[in-house]
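Good morning, everyone, and thank you for making the time. Please have a look at the sequence and the fold before I start talking.

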Amino acid sequence: MARIKKGDTVVVLSGKDRGKSGKVLAVWPQRDQALVERLNLRKHFERRTQQNPAGGVIEREGAIALSKLTVLCAKCRKPTRVGWSSAEDGGKQRICRKCKERV
Ligand SMILES: [Zn+2]
């Protein structure tokens with residue numbers, strides 16, 4: 001089970017966006033990378049198209065290594081590590097290691 005999943009709010013631990021947080025837009029567990037809203041922006045040069053006749057430079061999120069991200073707990077508002085506890089249905093659920101709330 002993935003430590004970080006789509007829709008989580010995460011904090012960046014290292015790199016130029018260190019300390020910033022954002023919402024996870026996509027996760028690629030096989031590549032150990034995630035895309036986070038408004039973080040790690042890269043400039044892309046867009047070709048002129050019918051939808052975008054002007055073309056030009058746009059900013060788009062770049063992939064960030066999962067090891068540089070940690071979940072921001074929605075309950076205690078702190079960057080935290082996630083733990084696992086057994087759910088009622090026998091599966092696992094993620095919990096915040098700080099406040100022990102389900103995340
Ligand atoms: Zn918490």
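Leaving aside its neighbours within four places in sequence, which residues is L69 in contact with? The residues are I4, V10, V12, L13, A34 and I64, where contact means that the C-beta atoms of two residues, placed from the backbone, lie within 7 Å.

Before I go on, a word on what we are looking at. This is a predicted model, in which local features need a pLDDT of at least 70 and side-chain atom pairs count only at pLDDT 80 or more, while totals for chains, interfaces and linings use all residues. Residues are numbered from 1 along each chain as its sequence is written. The pLDDT is the predictor's confidence in each residue, on a scale from 0 to 100, and its mean over the protein is 90, with 99% of the residues reaching 70 or more.

Let me turn to the overall picture. The protein has 10 strands and 0 helices; both are DSSP runs numbered from the N terminus, with helices (H or I) needing at least four residues and strands (E) at least two. The radius of gyration, taken over C-alpha atoms, is 17 Å, well over the 13 Å that the globule rule gives for 103 residues, so the protein is more spread out than a compact globule; that rule is 2.2 Å times the number of residues to the power 0.38. Along the principal axes, the C-alpha atoms fill a box of roughly 55 × 30 × 25 Å. Buried residues make up 19% of the 103 residues, where a residue is buried if 20 or more other C-beta atoms, placed from the backbone, lie within 10 Å of its own, exposed if 12 or fewer do, and partly exposed in between.

An open sheet is formed by 6 strands in the order 6-3-2-1-7-8, with antiparallel pairing, and two strands are taken to pair if DSSP finds at least two bridges between them. At the edges stand strand 6 (63-65) and strand 8 (79-80), each with a single partner strand, so one side of each is left without a neighbour in the sheet.

Strand 1, residues 9-12, is joined by 3 bridges to strand 2, residues 21-28, and the two run antiparallel. Within that pairing, V10 has G22 as its bridge partner, and V11 has S21. Strand 1 is also joined to strand 7 by 3 bridges, again in the antiparallel sense, and there the bridge partner of V11 is T70.

That brings us back to L69, which is found in strand 7, residues 69-72. L69 counts as buried because 25 other C-beta atoms lie within 10 Å. The C-alpha atoms of L69 and R81, which are 12 residues apart along the chain, are separated by 9.9 Å.

L69 also belongs to the largest nonpolar core, which has 14 residues, and those with the most contacts inside it are V10, V12, V24, A34, V36, I64 and L69. Such a core is a set of buried Ala, Val, Leu, Ile, Met, Phe, Trp, Tyr and Cys residues joined through C-beta atoms within 7 Å. At least two residues of this core come from each of strand 1, strand 2, strand 3 (33-36) and strand 7, and strand 1 gives the most, with 3 residues. As for A34, not counting residues up to four places away in sequence, it touches I4, V24, A26, V27, A63, I64, L66 and L69.

Elsewhere, strand 4, residues 41-46, pairs with strand 5 in the antiparallel sense over 6 bridges, with E46 standing opposite G56 in strand 5. Strand 5, residues 56-61, is hardly covered, since the count of buried residues among its 6 residues is 0.

N40, in the loop between strand 3 and strand 4, has a phi near 55°, a positive value in a residue other than glycine, and N40 counts as buried, with 20 C-beta neighbours inside 10 Å. K100, in the segment after strand 10 (92-96), has a positive phi of about 65° although it is not a glycine, and K100 is exposed, with 12 other C-beta atoms within 10 Å.
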